Amino acid sequence: MNRKLITYIKVVLLVAVVYGCAHTGAETAMQTAPLENGSVYEETLENGLRVFIIKDRNAPMAVFEIWYNAGSINEQVGKTGLSHVLEHMMFKGTPRYGNKVFSKIISKSGGIDNAGTSRDFAYYFQKLAPDRIRISIEMEADRMRNLIMDNGDFLSERDVVMEERRMRYEDDPQNLVFEEVLATAFKNHPYRWPVIGWMEDLKNLTRDELMDYYRTYYIPNNAFIVIAGNVDVEGVMEKIKTEFGPIQKGPEPRKLNIQEPVQRGEKRIYIKKEAELPYVISAYKAPNVLDEDSYALDVLAGVLSGGKSGRIYRGLVDEKRIALSAGAGYSNFNKYPFLFYLEGTPLPGGKIEEVELALYEEVQKIKDEPPSEREVQKAKNQIEADFIMGQDSVYSQAMVLAQFEMLGGWRLKDKYIEGLRKVAPDDVQRVARKYLVDDQRTVGTLIPVKKDESGK
Amino acid sequence: MTNEKLIKEVRSRKSEDKKLRRWEAKLNFSISQLLVILFLLFTVHCSLFTAAYALDVKRQVLKNGLTLLVVERHNVPVVRVSVGIKAGNLYEPADKAGLASLTAGLLTEGTTNRTARQISEEIDFVGGSVGASGGGDFITASLSVLKKDIDLGFDLLSDIILNPSFPEVEIQKKKERIKGGLRSQEDDPGYISSREFKKAVFGEHPYGRLITGTVETIDSITRDDLVDFHAGYYVPENSVMAVVGDITNEEIEQLIQKYLNSWNRAGHSGVSPQKINITKERKTITIDKDLTQANIILGHAGVSRDNPDYYAVSVMNYILGGGGFSSRLMQNIRDNKGLVYDIRSYFGADRYGGTFQTELQTKNESANIAIEEVLKEINMIRSTPVTDEELSDARSFLTGSFPMRIETGARIAGFLVAVEYYGLGSDYIDNYPQYINSVTREDVLRVAKKYLDPENYVLVVVADQEKAQLRDEFK
């Protein structure tokens, strides 16, 4: 297992903690003194658009991000994938700039741009030289309200998204299992829907449905901007007011209040697909980062899976030699409770049941006896080191702030690091007992079959 | 691997590193393999130049022959080290394919001072990373630690490079996992197509082989082979060390004195790599799998990194299929026709040769039309000069995007090793914009004619062949 990958989410979520030291509130928005390096400038426009600027004097580049509270949880039954298709359509042009030129303008400015959609949100970013961030501001303000959304472009882009779905899911057996586990673990919550959408739903989406969704959610009071880099804060702020200021506030989109019912027994699903090796993933409901228990769950994931010295690699891959790969993960950055999971693939010839049981044994050991002080310290050190290393990138700095802001306020990151430092071995044992409960897990298994026997 | 799932859950409009993520998901030994590829593609041909950006690189050759490159960077309390050693699979015998990669992979699995467990425990405890991975031209050993842990970091890095003990049991475990990884990767159509493509282009040359070797060749590697390969190639005069981060030149010299003092010249630098025989002929390889998409690579041999046309080729390929959303392939085949999610072309330029390849995935039923369109675009750029706007956009991006591409210390360290290994010169950073800006429309047309071949290409199609129904003209 590669630790860099395992802790990727942690890097992203922790990056801004150490440097976000000199907070500047909205009340001091008019100050003219130069901002301290690493500080966050914060201001809310009259139309409700929140703006955060992280000043990093060392960075040779800057990043502009705009986040919309418009992920797949905001979709409707039968219309899954809509948020993500809209994200694609955001690059198709406005009357002011013309058709399909957004990325072209960024790249000929020496920049790189992209966007992403998750269950909870959609975000758009451009990396540019600091003095070119104005290009982002102009174009993002424009496409917040003025998309052309030509029907021909929509139909063609829908095909592109179907190709994306084929690539990521239909032809990737392990991802198919994960998708099915999500759809089974949640019976009520929209987290059961794949962000990319079911193929059948994609086929039925229409241009007008996208337009309605766009009008409803892509409004200044449902969005925020994060900029990081060596930018001129005052100049940037002025430019944002000029471009975004005139956009009208919209009606507040409906607030979701969804609770997933308690699960009363293990659920199991199987995917039969042409594959070389089986695979298992066992997922437990777990709270998000706003919950006090999340810190200990994070450390638990580290104890189990933080590098080659983590218990799962050491136990299953190195000592027992039954797994080709195995690990644990905790997904804490979600608006609603999501999942903690264990997963593994046997070595060729090995049994998937044996890998699954061995994963449970590692969890049982922690339930029986708390991990050592050193293991807990190691997990904390890994999280903190990743966080400091992530500071090297303005993109990571912006991501951390944005993810906390999306969950309720970027200052929560301070609470997170405090909470993490307090975790003791007993806490790790307690959360393992509380959340990794057999009756509340959903287990997905990939059963390899020959080409002609695939379940389709 | 677990968080891989989460990352994938954030759907992205385009995924520059789609393949990397998929590979990462499989096994960690393949990560570095791909990183090296990406690195050559994206990093080496990008400029260090912008008005506001420059790197202060201190270069020296130490008494033992080791080339040392240092960039002080005090923005974060972190140090990154990258060591390139000419011990890639170019230097291994064909019947022991995988030897170079296995040697690199075993460096962290036990030294004369530490067991494999001690190494992982020590580096994990401080939240750092240390390791090595195989490659074609060279292998890379790397270190990433907080400044406060730099002593431990250098201790570990030097220990794995100088004193690996290749314990028999660790060799067996590693072989087991590599062979398991080879099986597992059969589920990745991109991996299969890429493997077949390289084999078809380079034949018996090491560039045509899997860096990991095959099940048979891996089994034939003995502990003695590993010990000999290490002794023969892991020598300072074969190596380049780049250190980037919160550290001074003096501190590094002290660390080297303390930890690398016993790394002595061997007085030889191994065998010369064999010559590449490229035969110009059309080859089509089809592989049948239960897939909804055809995974297609179309291409042929390309240029080596020292080819003087390299920069003109970079500009030409940016316009054809290297320039993301601005490229012709993307605009035609994705934006206008909706046939693919991702399509790109690139020139992978190594020391002794390279490839040109166009990669795409499209539903099985669209395979023929997608191939046809790719060939159309290749023919077009070979027959008609690109527009002034296309040329100027390509120049602006290639010269202007550099800071974004080597934003972090880790990226810079890798970049410096490559600049040194490929002999691009200490003034490469200053010269690059001029290399790119001096490329003319005529140059673009000339290199398109010279280095793109719409007749004698290798075509690999991994698909549900019954549905793809590849036309005879492509077979």
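Q: I'm looking at helix 15 of chain B. Which of its residues are buried?
A: In this predicted model, the buried ones are B:Glu390, B:Leu391, B:Asp393, B:Ala394, B:Phe397, B:Leu398, B:Thr399 and B:Gly400.

Q: Why might residues a few places apart point the same way in a helix?
A: An α-helix has 3.6 residues a turn, so positions three or four places apart point the same way.

Q: And what do the buried residues of helix 15 pack against?
A: In chain B, they pack against helix 12 (310–322), helix 18 (428–437) and helix 19 (441–451). They also pack against helix 4 (102–108) of chain A.

Q: What span should helix 15 of chain B have, and what does the model give?
A: Helix 15 runs over residues 388–400 of chain B, which is 13 residues. At 1.5 Å a residue the helix should span 18 Å, and its end C-alpha atoms are 18 Å apart, so the two agree.

Q: Ok, on to the two chains. How many residues of each are in contact with the other?
A: 72 residues of chain B are in contact with 82 residues of chain A.

Q: Which element of chain B gives the most to that side?
A: Helix 1 of chain B, residues 2–9, gives the most to the side that touches chain A, with eight residues.

Q: How does that side of chain B divide into nonpolar, polar and charged?
A: On the side of chain B that touches chain A, 22 residues are nonpolar, 27 are polar and 23 are charged.

Q: What about confidence? Where in chain B does pLDDT stay under 50?
A: It stays under 50 over residues 1–52 of chain B. The model has 137 contacts beyond four places in sequence for that stretch. Helix 1 of chain B, at residues 2–9, has numbers inside that range.

Q: What's the average for chain B, then?
A: Chain B averages a pLDDT of 88, and 88% of the residues score at least 70. For the complex, the predictor gives an ipTM of 0.89 and a pTM of 0.90.

Q: What share of each chain counts as buried?
A: For chain A it's 59% of the 456 residues. For chain B, buried residues make up 57% of the 475 residues.

Q: What part of the contacts join residues at least 24 apart?
A: In chain B, 82% of the contacts between residues at least 6 apart in sequence do. In chain A, residues 24 or more positions apart account for 80% of the contacts with a separation of 6 or more.

Q: What are the spans of chain A along its principal axes?
A: Its C-alpha trace spans about 60 × 50 × 40 Å. With 456 residues, a compact globule would have a radius of gyration near 23 Å, and chain A has 23 Å, which agrees.

Q: Which domains is chain A divided into?
A: Domain 1 covers 20–244 and domain 2 covers 267–453. Their C-alpha centres lie 28 Å apart.

Q: How many residues of the two domains are in contact?
A: 31 residues of domain 1 of chain A are in contact with 26 residues of domain 2 of chain A. Helix 7 of chain A gives the most to the domain 1 side, with nine residues. That side divides into 20 nonpolar, five polar and six charged residues.

Q: New topic. What's the phi of A:Met149?
A: It's near 50 degrees, a positive value in a residue other than glycine. A:Met149 sits in the loop between helix 5 (133–145) and helix 6 (151–170) of chain A. With 19 other C-beta atoms within 10 Å, A:Met149 is partly exposed.

Q: Where is B:Gln469, and is it buried or exposed?
A: B:Gln469 is in the segment after helix 20 (465–468) of chain B. It counts as exposed, with 12 C-beta neighbours inside 10 Å. The phi of B:Gln469 is near 45 degrees, also a positive value in a residue other than glycine.

Q: Last one: why does A:Asp153 count as buried?
A: Because A:Asp153 has 21 C-beta neighbours inside 10 Å, and the cut-off for buried is 20 or more. A:Asp153 lies in helix 6 of chain A. Its C-alpha atom is separated by 7.4 Å from that of A:Lys92, 61 residues apart along the chain.

Conventions:
Residues numbered from 1 in each chain as written. Chains lettered and ligands numbered in written order. Predicted model: local features only at pLDDT ≥ 70, side-chain atom pairs only at ≥ 80, totals over all residues. Rg over C-alpha atoms; globule rule 2.2 N^0.38 Å. Contact = placed C-beta atoms within 7 Å. Helix = DSSP H or I, 4+ residues; strand = E, 2+ residues; numbered from the N terminus. Nonpolar A, V, L, I, M, F, W, Y, C, P; charged D, E, K, R; others polar. pLDDT = per-residue confidence, 0-100. Domains from an automatic or database assignment. Expected span 1.5 Å × (residues − 1).
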